[in-house]
Amino acid sequence: MKNIKRTLLIGFIWGLLFFLWWLNGFLYENWNFHLFSLDSWAFVYDEFLQGWVISSFSDWVFFITILIAVPVFLVFWRLFLKVKWHPLVVGNAKRFFYRFKGGQAKLVGKKVKLPKKQSRTEIRPRPLDRASARPVSKAKDVKASVAENSGMGRSEDKGQSLASPFSGGGMSAFTEGMSTTLSKKTSSGTPKSSSVPPFLADDDFEKINLDDIKLPERVKLSEDIPALFMKAGYKVIKDVLLEETRVDYVAVDTHQVICCWLDGEKGDWLADEERFNGEDPLWFSESSHRISPVFKLNMIVKPLRERLEKSGLSFSVIPMLVEKEGNIINAEDMMATWKEMKVIVARTDLGGPDELPTVTQSVPKTTGPISVEELEMVRSLF
(Lines give C-alpha, C1' and ligand atoms only; values in the text may rest on other atoms or scores of the structure.)
Protein backbone atom coordinates (compact mmCIF):
# COMPACT_ATOMS: atom_id res chain seq x y z
CA MET A 1 0.00 0.00 0.00
CA LYS A 2 1.25 3.48 -0.92
CA ASN A 3 0.18 5.16 2.32
CA ILE A 4 -0.44 2.82 5.25
CA LYS A 5 -1.52 5.63 7.59
CA ARG A 6 -4.15 6.85 5.15
CA THR A 7 -5.40 3.29 4.58
CA LEU A 8 -5.73 2.53 8.28
CA LEU A 9 -7.40 5.88 9.02
CA ILE A 10 -10.03 5.39 6.33
CA GLY A 11 -10.58 1.78 7.46
CA PHE A 12 -10.96 2.84 11.10
CA ILE A 13 -13.53 5.53 10.31
CA TRP A 14 -15.44 3.25 7.93
CA GLY A 15 -15.38 0.43 10.51
CA LEU A 16 -16.90 2.67 13.17
CA LEU A 17 -19.67 3.76 10.83
CA PHE A 18 -20.37 0.29 9.43
CA PHE A 19 -20.09 -2.03 12.43
CA LEU A 20 -20.68 0.20 15.43
CA TRP A 21 -23.41 2.39 13.98
CA TRP A 22 -25.21 0.75 11.05
CA LEU A 23 -24.82 -3.05 11.49
CA ASN A 24 -25.22 -3.07 15.26
CA GLY A 25 -28.24 -0.77 15.01
CA PHE A 26 -29.81 -2.82 12.22
CA LEU A 27 -29.51 -6.13 14.14
CA TYR A 28 -30.72 -4.66 17.40
CA GLU A 29 -33.71 -2.91 15.81
CA ASN A 30 -34.98 -6.04 14.04
CA TRP A 31 -33.86 -8.99 16.24
CA ASN A 32 -32.79 -7.37 19.53
CA PHE A 33 -29.30 -8.73 18.82
CA HIS A 34 -26.24 -6.88 20.15
CA LEU A 35 -23.32 -7.35 17.75
CA PHE A 36 -20.71 -6.73 20.48
CA SER A 37 -22.46 -8.69 23.23
CA LEU A 38 -21.25 -12.20 24.18
CA ASP A 39 -24.68 -13.00 25.60
CA SER A 40 -26.31 -12.46 22.19
CA TRP A 41 -23.82 -14.76 20.46
CA ALA A 42 -24.18 -17.38 23.24
CA PHE A 43 -27.96 -17.30 22.79
CA VAL A 44 -27.68 -18.04 19.04
CA TYR A 45 -25.21 -20.85 19.74
CA ASP A 46 -27.56 -22.43 22.32
CA GLU A 47 -30.45 -22.26 19.86
CA PHE A 48 -28.46 -24.28 17.33
CA LEU A 49 -27.55 -26.86 19.96
CA GLN A 50 -31.24 -27.27 20.72
CA GLY A 51 -31.99 -27.98 17.06
CA TRP A 52 -32.96 -24.60 15.70
CA VAL A 53 -33.95 -24.94 12.02
CA ILE A 54 -33.69 -21.85 9.78
CA SER A 55 -37.06 -21.73 8.09
CA SER A 56 -38.59 -18.25 8.27
CA PHE A 57 -37.66 -15.37 6.00
CA SER A 58 -36.57 -13.26 8.99
CA ASP A 59 -34.07 -15.94 10.07
CA TRP A 60 -32.56 -16.08 6.59
CA VAL A 61 -32.13 -12.30 6.46
CA PHE A 62 -30.45 -12.38 9.89
CA PHE A 63 -27.83 -14.98 8.94
CA ILE A 64 -27.19 -13.58 5.46
CA THR A 65 -26.55 -10.16 7.03
CA ILE A 66 -24.04 -11.70 9.45
CA LEU A 67 -22.27 -13.65 6.68
CA ILE A 68 -21.86 -10.81 4.16
CA ALA A 69 -21.02 -8.08 6.69
CA VAL A 70 -17.23 -8.51 6.50
CA PRO A 71 -17.05 -8.83 2.65
CA VAL A 72 -19.24 -5.73 2.24
CA PHE A 73 -17.00 -3.85 4.68
CA LEU A 74 -13.85 -4.80 2.73
CA VAL A 75 -15.35 -3.92 -0.67
CA PHE A 76 -16.42 -0.45 0.43
CA TRP A 77 -13.11 0.08 2.23
CA ARG A 78 -11.30 -0.50 -1.05
CA LEU A 79 -13.64 1.90 -2.86
CA PHE A 80 -13.16 4.62 -0.25
CA LEU A 81 -9.38 4.36 -0.67
CA LYS A 82 -9.77 5.51 -4.28
CA VAL A 83 -11.63 8.67 -3.30
CA LYS A 84 -9.53 11.86 -3.08
CA TRP A 85 -10.68 13.09 0.31
CA HIS A 86 -8.39 16.11 0.40
CA PRO A 87 -10.39 18.15 -2.20
CA LEU A 88 -13.68 17.09 -0.58
CA VAL A 89 -12.81 17.78 3.06
CA VAL A 90 -9.89 20.21 3.29
CA GLY A 91 -10.67 21.84 -0.03
CA ASN A 92 -14.28 22.60 0.87
CA ALA A 93 -13.19 23.84 4.30
CA LYS A 94 -10.78 26.35 2.75
CA ARG A 95 -13.40 27.39 0.23
CA PHE A 96 -15.83 27.92 3.13
CA PHE A 97 -13.38 30.30 4.80
CA TYR A 98 -12.92 32.00 1.44
CA ARG A 99 -16.70 32.62 1.17
CA PHE A 100 -17.11 33.37 4.88
CA LYS A 101 -16.07 36.98 4.50
CA GLY A 102 -17.40 37.61 1.00
CA GLY A 103 -14.37 36.20 -0.79
CA GLN A 104 -11.90 38.39 1.11
CA ALA A 105 -9.93 35.64 2.85
CA LYS A 106 -6.17 35.44 2.35
CA LEU A 107 -3.70 32.60 2.56
CA VAL A 108 -0.89 33.89 4.76
CA GLY A 109 1.93 31.55 5.72
CA LYS A 110 0.01 28.64 4.13
CA LYS A 111 -2.93 29.29 6.46
CA VAL A 112 -6.27 30.88 5.66
CA LYS A 113 -6.43 34.32 7.28
CA LEU A 114 -9.66 36.29 7.48
CA PRO A 115 -9.49 40.08 7.29
CA LYS A 116 -9.99 41.93 10.57
CA LYS A 117 -13.07 44.01 10.99
CA GLN A 118 -12.61 47.72 10.44
CA SER A 119 -12.92 50.01 13.43
CA ARG A 120 -15.21 53.02 13.36
CA THR A 121 -12.23 55.33 13.02
CA GLU A 122 -11.23 53.57 9.78
CA ILE A 123 -14.67 53.72 8.15
CA ARG A 124 -15.01 56.45 5.55
CA PRO A 125 -17.68 59.03 6.53
CA ARG A 126 -20.63 59.93 4.34
CA PRO A 127 -20.07 62.62 1.69
CA LEU A 128 -20.61 66.15 2.94
CA ASP A 129 -23.48 66.92 0.57
CA ARG A 130 -25.48 63.89 1.74
CA ALA A 131 -24.77 64.70 5.39
CA SER A 132 -25.90 68.29 5.02
CA ALA A 133 -29.12 67.18 3.32
CA ARG A 134 -30.16 64.96 6.23
CA PRO A 135 -31.94 67.68 8.33
CA VAL A 136 -34.42 68.19 5.49
CA SER A 137 -37.02 65.47 5.90
CA LYS A 138 -38.32 65.43 2.33
CA ALA A 139 -36.66 66.97 -0.68
CA LYS A 140 -40.05 67.35 -2.37
CA ASP A 141 -41.02 70.03 0.19
CA VAL A 142 -38.21 72.29 -0.99
CA LYS A 143 -39.76 74.18 -3.93
CA ALA A 144 -37.46 77.18 -4.43
CA SER A 145 -34.20 77.22 -6.32
CA VAL A 146 -30.85 77.64 -4.60
CA ALA A 147 -29.97 80.67 -6.72
CA GLU A 148 -33.23 82.50 -5.82
CA ASN A 149 -33.24 81.99 -2.05
CA SER A 150 -29.69 81.49 -0.90
CA GLY A 151 -28.49 85.10 -1.13
CA MET A 152 -24.97 83.94 -1.89
CA GLY A 153 -24.43 86.90 -4.24
CA ARG A 154 -24.56 87.32 -8.00
CA SER A 155 -21.45 87.48 -10.13
CA GLU A 156 -22.71 90.53 -12.05
CA ASP A 157 -23.48 92.50 -8.85
CA LYS A 158 -20.45 91.64 -6.74
CA GLY A 159 -17.95 90.82 -9.48
CA GLN A 160 -17.26 87.43 -7.96
CA SER A 161 -17.84 83.99 -9.36
CA LEU A 162 -20.56 81.84 -7.81
CA ALA A 163 -18.87 79.73 -5.14
CA SER A 164 -19.95 76.44 -3.63
CA PRO A 165 -22.63 76.85 -0.88
CA PHE A 166 -20.36 74.89 1.46
CA SER A 167 -17.24 77.07 1.14
CA GLY A 168 -16.55 80.10 3.31
CA GLY A 169 -19.57 82.28 4.07
CA GLY A 170 -21.68 80.44 1.51
CA MET A 171 -22.72 77.88 4.14
CA SER A 172 -24.55 80.45 6.28
CA ALA A 173 -26.16 81.98 3.19
CA PHE A 174 -27.32 78.56 2.05
CA THR A 175 -28.83 77.84 5.47
CA GLU A 176 -30.54 81.22 5.48
CA GLY A 177 -32.01 80.57 2.05
CA MET A 178 -33.34 77.19 3.15
CA SER A 179 -35.01 78.78 6.18
CA THR A 180 -36.60 81.47 3.98
CA THR A 181 -37.99 78.85 1.62
CA LEU A 182 -39.54 76.79 4.42
CA SER A 183 -41.08 79.90 6.06
CA LYS A 184 -42.64 80.98 2.74
CA LYS A 185 -44.26 77.57 2.32
CA THR A 186 -45.78 77.55 5.82
CA SER A 187 -47.10 81.12 5.54
CA SER A 188 -48.54 81.22 2.05
CA GLY A 189 -49.38 77.55 1.48
CA THR A 190 -48.82 77.97 -2.27
CA PRO A 191 -45.12 77.50 -2.94
CA LYS A 192 -43.46 78.78 -6.07
CA SER A 193 -42.50 76.12 -8.61
CA SER A 194 -38.74 75.73 -9.04
CA SER A 195 -36.12 73.04 -9.49
CA VAL A 196 -34.87 70.90 -6.60
CA PRO A 197 -31.11 70.59 -6.09
CA PRO A 198 -30.06 67.14 -7.26
CA PHE A 199 -28.04 66.38 -4.12
CA LEU A 200 -31.22 66.79 -2.03
CA ALA A 201 -33.19 64.19 -3.99
CA ASP A 202 -32.98 61.40 -1.40
CA ASP A 203 -35.87 59.48 -2.91
CA ASP A 204 -34.22 59.33 -6.32
CA PHE A 205 -30.92 58.25 -4.80
CA GLU A 206 -32.56 55.35 -2.96
CA LYS A 207 -34.19 54.15 -6.20
CA ILE A 208 -30.83 53.57 -7.92
CA ASN A 209 -30.47 49.92 -8.94
CA LEU A 210 -27.14 48.55 -7.68
CA ASP A 211 -26.99 46.19 -10.68
CA ASP A 212 -26.70 49.22 -12.95
CA ILE A 213 -23.56 50.39 -11.18
CA LYS A 214 -20.57 49.03 -13.12
CA LEU A 215 -17.07 48.95 -11.70
CA PRO A 216 -14.25 50.03 -13.98
CA GLU A 217 -12.90 47.14 -16.02
CA ARG A 218 -9.30 46.03 -15.65
CA VAL A 219 -6.96 47.66 -18.14
CA LYS A 220 -5.63 45.12 -20.61
CA LEU A 221 -1.83 44.75 -20.68
CA SER A 222 -0.66 44.10 -24.24
CA GLU A 223 2.69 42.28 -24.43
CA ASP A 224 4.25 40.35 -27.31
CA ILE A 225 5.84 37.57 -25.25
CA PRO A 226 7.89 35.89 -28.04
CA ALA A 227 9.22 39.31 -29.10
CA LEU A 228 10.24 40.09 -25.50
CA PHE A 229 12.26 36.86 -25.26
CA MET A 230 13.89 37.39 -28.65
CA LYS A 231 14.74 40.97 -27.76
CA ALA A 232 16.46 39.70 -24.60
CA GLY A 233 18.61 37.33 -26.71
CA TYR A 234 16.69 34.03 -26.55
CA LYS A 235 15.66 31.64 -29.29
CA VAL A 236 11.92 30.94 -28.96
CA ILE A 237 10.11 27.68 -29.78
CA LYS A 238 6.30 27.87 -29.77
CA ASP A 239 3.71 25.23 -28.75
CA VAL A 240 6.05 22.61 -27.31
CA LEU A 241 4.52 19.34 -26.04
CA LEU A 242 6.02 18.33 -22.68
CA GLU A 243 4.59 15.25 -20.95
CA GLU A 244 1.41 15.45 -23.05
CA THR A 245 0.89 19.09 -22.01
CA ARG A 246 1.26 22.02 -24.39
CA VAL A 247 3.69 24.69 -23.20
CA ASP A 248 3.14 27.96 -25.05
CA TYR A 249 6.77 29.11 -25.35
CA VAL A 250 10.19 27.64 -24.67
CA ALA A 251 12.99 30.24 -24.67
CA VAL A 252 16.57 28.93 -24.94
CA ASP A 253 19.96 30.59 -24.61
CA THR A 254 23.47 29.23 -23.91
CA HIS A 255 22.72 27.86 -20.42
CA GLN A 256 18.98 28.41 -19.77
CA VAL A 257 15.72 26.83 -20.91
CA ILE A 258 12.65 28.85 -19.88
CA CYS A 259 9.33 27.00 -20.13
CA CYS A 260 6.62 29.69 -20.33
CA TRP A 261 3.05 28.51 -19.74
CA LEU A 262 0.06 30.89 -20.08
CA ASP A 263 -2.71 30.31 -17.52
CA GLY A 264 -6.03 31.15 -19.19
CA GLU A 265 -8.40 30.15 -16.35
CA LYS A 266 -10.69 33.06 -15.49
CA GLY A 267 -11.87 34.04 -11.99
CA ASP A 268 -10.44 34.98 -8.61
CA TRP A 269 -8.15 32.25 -7.25
CA LEU A 270 -6.83 31.53 -3.77
CA ALA A 271 -3.42 29.91 -4.34
CA ASP A 272 -2.05 27.10 -2.16
CA GLU A 273 1.19 25.21 -2.86
CA GLU A 274 1.15 22.86 0.15
CA ARG A 275 0.58 19.13 -0.39
CA PHE A 276 -1.72 17.38 2.05
CA ASN A 277 -1.73 13.65 2.69
CA GLY A 278 0.05 12.93 -0.58
CA GLU A 279 -2.49 14.88 -2.68
CA ASP A 280 -1.53 17.59 -5.17
CA PRO A 281 -1.86 21.21 -3.95
CA LEU A 282 -4.97 23.04 -5.08
CA TRP A 283 -6.07 26.53 -6.08
CA PHE A 284 -9.59 27.55 -5.00
CA SER A 285 -12.16 29.88 -6.48
CA GLU A 286 -15.59 30.76 -5.11
CA SER A 287 -17.22 27.87 -6.99
CA SER A 288 -14.51 25.36 -7.93
CA HIS A 289 -10.94 24.18 -7.41
CA ARG A 290 -8.08 22.87 -9.56
CA ILE A 291 -4.55 21.50 -9.23
CA SER A 292 -2.05 24.31 -8.72
CA PRO A 293 -0.70 25.32 -12.16
CA VAL A 294 2.61 26.21 -10.50
CA PHE A 295 2.93 22.68 -9.11
CA LYS A 296 1.76 21.19 -12.42
CA LEU A 297 4.34 23.19 -14.39
CA ASN A 298 7.08 22.03 -12.03
CA MET A 299 6.07 18.41 -12.65
CA ILE A 300 6.06 18.97 -16.42
CA VAL A 301 9.63 20.35 -16.60
CA LYS A 302 11.10 17.75 -14.24
CA PRO A 303 11.55 15.01 -16.92
CA LEU A 304 13.11 17.63 -19.23
CA ARG A 305 15.76 18.39 -16.59
CA GLU A 306 16.55 14.68 -16.31
CA ARG A 307 16.87 14.25 -20.09
CA LEU A 308 19.20 17.27 -20.32
CA GLU A 309 21.43 15.83 -17.59
CA LYS A 310 21.57 12.43 -19.27
CA SER A 311 22.53 14.08 -22.57
CA GLY A 312 25.42 15.92 -20.92
CA LEU A 313 23.92 19.37 -21.61
CA SER A 314 24.44 21.89 -18.81
CA PHE A 315 21.17 23.80 -18.98
CA SER A 316 19.12 25.13 -16.08
CA VAL A 317 15.37 24.72 -16.67
CA ILE A 318 13.27 27.63 -15.36
CA PRO A 319 9.46 27.23 -15.23
CA MET A 320 7.51 30.44 -15.82
CA LEU A 321 3.76 30.76 -15.22
CA VAL A 322 2.05 33.77 -16.79
CA GLU A 323 -1.41 34.66 -15.45
CA LYS A 324 -3.39 35.80 -18.48
CA GLU A 325 -7.09 35.82 -17.53
CA GLY A 326 -7.45 35.13 -13.80
CA ASN A 327 -6.63 37.03 -10.63
CA ILE A 328 -4.60 35.51 -7.76
CA ILE A 329 -6.04 37.22 -4.68
CA ASN A 330 -3.20 36.19 -2.35
CA ALA A 331 -0.35 36.61 -4.83
CA GLU A 332 1.52 39.04 -2.58
CA ASP A 333 1.65 36.43 0.20
CA MET A 334 2.66 33.60 -2.16
CA MET A 335 5.61 35.32 -3.85
CA ALA A 336 8.09 34.02 -1.26
CA THR A 337 6.75 30.47 -1.70
CA TRP A 338 7.06 30.63 -5.50
CA LYS A 339 10.59 31.96 -5.13
CA GLU A 340 11.50 28.95 -2.96
CA MET A 341 10.01 26.68 -5.63
CA LYS A 342 12.19 28.48 -8.22
CA VAL A 343 9.19 29.31 -10.40
CA ILE A 344 8.65 32.70 -12.05
CA VAL A 345 5.03 33.89 -11.76
CA ALA A 346 4.11 36.94 -13.85
CA ARG A 347 1.04 38.58 -15.38
CA THR A 348 -0.05 39.82 -18.80
CA ASP A 349 -3.24 40.72 -20.67
CA LEU A 350 -6.07 40.78 -18.05
CA GLY A 351 -4.20 38.74 -15.43
CA GLY A 352 -3.68 40.08 -11.94
CA PRO A 353 -3.15 41.37 -9.41
CA ASP A 354 -0.94 44.40 -10.02
CA GLU A 355 1.48 43.14 -7.36
CA LEU A 356 2.64 40.50 -9.84
CA PRO A 357 5.42 41.67 -12.16
CA THR A 358 4.70 41.85 -15.87
CA VAL A 359 6.37 39.54 -18.39
CA THR A 360 8.55 42.46 -19.48
CA GLN A 361 9.83 42.77 -15.91
CA SER A 362 10.20 39.01 -15.40
CA VAL A 363 12.26 37.84 -18.40
CA PRO A 364 15.64 36.68 -16.98
CA LYS A 365 18.83 38.12 -18.39
CA THR A 366 20.33 35.98 -21.10
CA THR A 367 23.64 34.17 -20.61
CA GLY A 368 24.51 34.47 -24.29
CA PRO A 369 23.16 33.38 -27.70
CA ILE A 370 22.84 29.66 -28.43
CA SER A 371 24.22 28.05 -31.55
CA VAL A 372 22.00 26.34 -34.10
CA GLU A 373 23.54 22.92 -33.31
CA GLU A 374 22.88 23.20 -29.58
CA LEU A 375 19.35 24.48 -30.23
CA GLU A 376 18.58 21.41 -32.33
CA MET A 377 19.98 19.14 -29.60
CA VAL A 378 17.68 20.77 -27.04
CA ARG A 379 14.73 20.61 -29.44
CA SER A 380 15.27 16.87 -29.94
CA LEU A 381 14.69 16.28 -26.21
CA PHE A 382 11.13 17.69 -26.23
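The questions and answers below go through a predicted model of one protein chain.

User: What kind of model is this, and how are its residues numbered?
Analyst: Side-chain values use heavy atoms, with hydrogens and water left out, and in this predicted model local features need pLDDT of at least 70, side-chain atom pairs count only at pLDDT 80 or more, and totals for chains, interfaces and linings use all residues. Residues are numbered from 1 along each chain as its sequence is written.

User: How many helices and strands does the chain have?
Analyst: Helices (H or I, at least four residues) and strands (E, at least two) are taken as DSSP runs and numbered from the N terminus. Counted in this way, the chain has 14 helices and eleven strands.

User: In what order do the strands of the open sheet of five strands stand, and which stand at the edges?
Analyst: Two strands pair if DSSP finds at least two bridges between them, and the pairing in this open sheet is mixed, with the order E3-E4-E5-E9-E11. Each edge strand has a single partner strand, so one side of each is left without a neighbour in the sheet. The strands at the edges are E3 (235–242) and E11 (344–347).

User: In which sense does E5 pair with E4, and in which with E9?
Analyst: E4 and E5 form a hairpin with three residues between them, and Val 250 has Cys 259 in E5 as its bridge partner. On the E9 side, Trp 261 is partnered by Leu 321 and Cys 260 by Met 320. The pairing of E5 with E4 runs over four bridges and is antiparallel, whereas the pairing with E9 runs over eight bridges and is parallel.

User: How many of the residues of E5 are buried?
Analyst: Buried means under 20% relative accessible area (1.4 Å probe, protein chains only). Both faces of E5 are covered, with Ile 258 and Leu 262 among the buried residues on one side and Val 257 and Trp 261 among those on the other. E5 is largely enclosed by the rest of the structure, because the number of its residues that are buried is eight of the eight.

User: Are H1 and H3 roughly parallel or antiparallel to each other?
Analyst: Two packed helices are described by the angle between their axes and the distance between the axes. Helix H1 (residues 4–31) packs against helix H3 (residues 57–81) with the axes, which are lines fitted to C-alpha atoms over the stretch in contact, 10 Å apart and at an angle of about 160° on a scale from 0 to 180 degrees between N-to-C directions. Since angles over 145 degrees count as roughly antiparallel, H1 and H3 are therefore roughly antiparallel.

Terms used: Parallel < 35°, antiparallel > 145°, perpendicular 65-115°, else oblique. Buried < 20%, exposed > 50% of the residue type's maximum accessible area, 1.4 Å probe, protein only.
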